[in-house]
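Biologist: I would like to learn how to read the features of a model like this one. Please start with the contacts between charged side chains.

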Amino acid sequence: MVGERGHVVLLQCGMGGRRSVMLSWIGIARRGRHMTLGAQILMGISSIALVVSVVSTIMIRDNETAFFKEVLTTEYQRRFELLHAGLIETVVSEDIPAIDTAMKSLLSTDPTVHEIHILNGQEKSLFTWKRPSDADRHDLFSLSKYMTLEGQKFGNISISWDTKPMIDRVGNHALLVA
C-alpha cells in the first residue's frame, strides 16, 4: 500500500487496531527520534551485519590474494628453474637456433611472459624479447640466475612475468567467494 507521500506503508493488524510502519529509509530518517525500540534494534542489527559483511569480504579477498600470490610465485620459480636447467647446455654452446626455438615455445604457451634476456659469459645477448605492453613495474615478477656449469659462469637468464591479469582474476575470484 502507498502512503500519502508516496512511501510504501505496511499495515499491521494487532490487538486493538492498525498501525502503519514506514519501510522507506527516508521515512525512518524523518521520524528520527520517534522510531520504536523494535525499529531501532532492527536498524542497529542491520548496520552491524552490513559492517561485518564488508569487513569479512575485505579480509577474505586479502587472504585469498596473498595465498594465490604465494602460489603464483612458487609456480613462476618452478617454471624458471625448469627453463634454466633445460637451457644450460644450449647457452654454453651458444646454440642460437635452439635457444630461439625454446623461447618461442615458451612464449606461445605462456602469455604472461613480459620480458626475456639471455646473455653469454661475455654478457653478449643470445636472446632478447619484450612484450609491447603497459605493464607497471609493480605488476612484474622477475627472476634472474647465472648459468653455471662445474663452477664456471657461462651466461645469465632473466625473465619477467606480468602478474596483473592473474592478480586481477584472483581478486575477482576472492570477491565471489566472499
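Modeller: A salt bridge is a side-chain nitrogen of Lys or Arg within 4 Å of a carboxyl oxygen of Asp or Glu. This is a predicted model, in which local features need pLDDT of at least 70 and side-chain atom pairs count only at pLDDT 80 or more, while totals for chains, interfaces and linings use all residues. Residues are numbered from 1 along each chain as its sequence is written, and side-chain values use heavy atoms, leaving out hydrogens and water.

Biologist: Which residue meets Lys145 in a salt bridge?

Modeller: Glu81 does, at 2.9 Å from N to O. Lys145 lies in strand β5 and Glu81 in helix α2, 64 residues apart, so the pair links distant parts of the chain. Helices (H or I, at least four residues) and strands (E, at least two) are DSSP runs, numbered from the N terminus.

Biologist: How many salt bridges does a search of the whole structure find?

Modeller: Five. One of them joins Asp110 to Arg79, with the closest N and O atoms 2.6 Å apart. Asp110 is in the loop between α3 and β3, and Arg79 is in helix α2.

Biologist: Is Asp110 buried or exposed?

Modeller: Buried means under 20% relative accessible area, exposed over 50%, and partly exposed in between (1.4 Å probe, protein chains only). Asp110 has 6% relative accessibility and therefore counts as buried. Arg79, at 31%, is partly exposed.

Biologist: How do I read two packed helices?

Modeller: Two packed helices are described by the angle between their axes and the distance between the axes. Axes are lines fitted to C-alpha atoms, for helices over the stretch in contact, and angles run from 0 to 180 degrees between N-to-C directions. Here the axes of α2 (residues 37–92) and α3 (residues 96–109) come within 9 Å and cross at roughly 160 degrees. The two helices are therefore roughly antiparallel (angles over 145 degrees).

Biologist: Which residues of α3 make the contact with α2?

Modeller: Ala98, Ile99, Ala102, Met103 and Leu106 of α3 meet Leu83, Leu87, Thr90 and Val91 of α2; contact means heavy atoms within 4.5 Å.

Biologist: What is the order of the strands in the open sheet?

Modeller: Strands pair if DSSP finds at least two bridges between them. The four strands have the order β4-β3-β6-β5, with antiparallel pairing. β4 (125–130) and β5 (140–149) stand at the edges with a single partner strand each, so one side of each has no neighbour in the sheet. Helix α2 packs on this sheet, touching β3, β4, β5 and β6.

Key
Parallel < 35°, antiparallel > 145°, perpendicular 65-115°, else oblique.
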